[in-house]
Amino acid sequence: MLSIHLFNGLVYGALLIVMSSGLALIYGLRRVVNFAHGALYMLGAYIGYSVALRSNFWLALLAAPAAMAVVGLLLDRYGLRLLQDREPLTVMLVTFGLLLILEDLVAFIWGKGNHSLFTPDLLDFPVHLLGHEVPAYRMGVIAVGALVAVGLTLWLRLSKIGLYVRAASTDPVTSAMQGVDTDLISAVVVGLGSALAGLAGVVAAPFLSLSPHMSSDVLIDSFVVVVIGGLGSLAGAFAAALLLGMVQAIGAVYMPGVSVLLPFIFMIAILICKPSGLAGSRT
């Protein structure tokens, strides 16, 4: 049975990779603790739910991230950019307020009850893995997490705009003096990070219940991932997401009484051994 628990941990870790990579990107560039990221995850899930009901899941998988990318661009232009000279606590409170507003908006439009999204027919069958039957859809979630991790790494390492993102994350003033359009880079990063939150919401919808408060657990775990991985580090976030997913899955089975506390115990243990996190620096 341990293998099936490890598999479930890998699935949750893959979801955390998609979710936390956006948080790590935005924090790495903007130094913003973005509570609204959880709201974008929730809003993406609900938009995906509505699109899937009227068309199909695959269109929802494109539409929700695209919609969240637009919301991210607006958030950057009319929120983060206007607040960039304010105290970090002020910006954090604004994003927290946005989270509450979007939760109420979702409850107003879709109601306070729970919803569930169907599994797409293409992945609605069992797969034999290590002597167990596992849903093919969950293997698809792992594939999405892997694609996001590889895609972001290649984008940051090999593309010109990825070079600009790394430069602006390290020293935005010098980067701007060298001709880098830091406002454009910020819009790209916040838009991409928001799109990843929307993608995580749609991917999670077939196996997690949709509710206006669905963001809290995943958002807290994503913050834990970003802290464990090293603030602003994508590589650290990828490793931390997989480790936390395993800890969550195994702890829920073998230590159910303290499973809620396990992410925080794990984070404290890591930070005692390595205060700067697993990676310790931005990728």
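Modeller: Accessible areas come from the Shrake-Rupley method with a 1.4 Å probe, and for residues only the protein chains shown count as cover. This is a predicted model, in which local features need pLDDT of at least 70 and side-chain atom pairs count only at pLDDT 80 or more, while totals for chains, interfaces and linings use all residues. Residues are numbered from 1 along each chain as its sequence is written, and side-chain values use heavy atoms, with hydrogens and water left out.

Colleague: What share of the accessible surface of the protein chain belongs to carbon and sulfur atoms?

Modeller: The accessible surface of the protein chain comes to about 13200 Å². Of this, the part belonging to carbon and sulfur atoms is 69%.

Colleague: What percentage of the 283 residues is buried?

Modeller: Buried means under 20% relative accessible area, exposed over 50%, and partly exposed in between (1.4 Å probe, protein chains only). Among the 283 residues of the protein chain, the buried share is 47%.

Colleague: How far apart are the end C-alpha atoms of residues 222-244?

Modeller: The unreviewed UniProt entry lists residues 222-244 under "transmembrane region"; such annotations may be inferred rather than shown by experiment, feature names are shortened, and positions follow the numbering used here. The span is 83% helix and 0% strand. Its end C-alpha atoms lie apart by 10 Å.

Conventions. Helix = DSSP H or I, 4+ residues; strand = E, 2+ residues; numbered from the N terminus.
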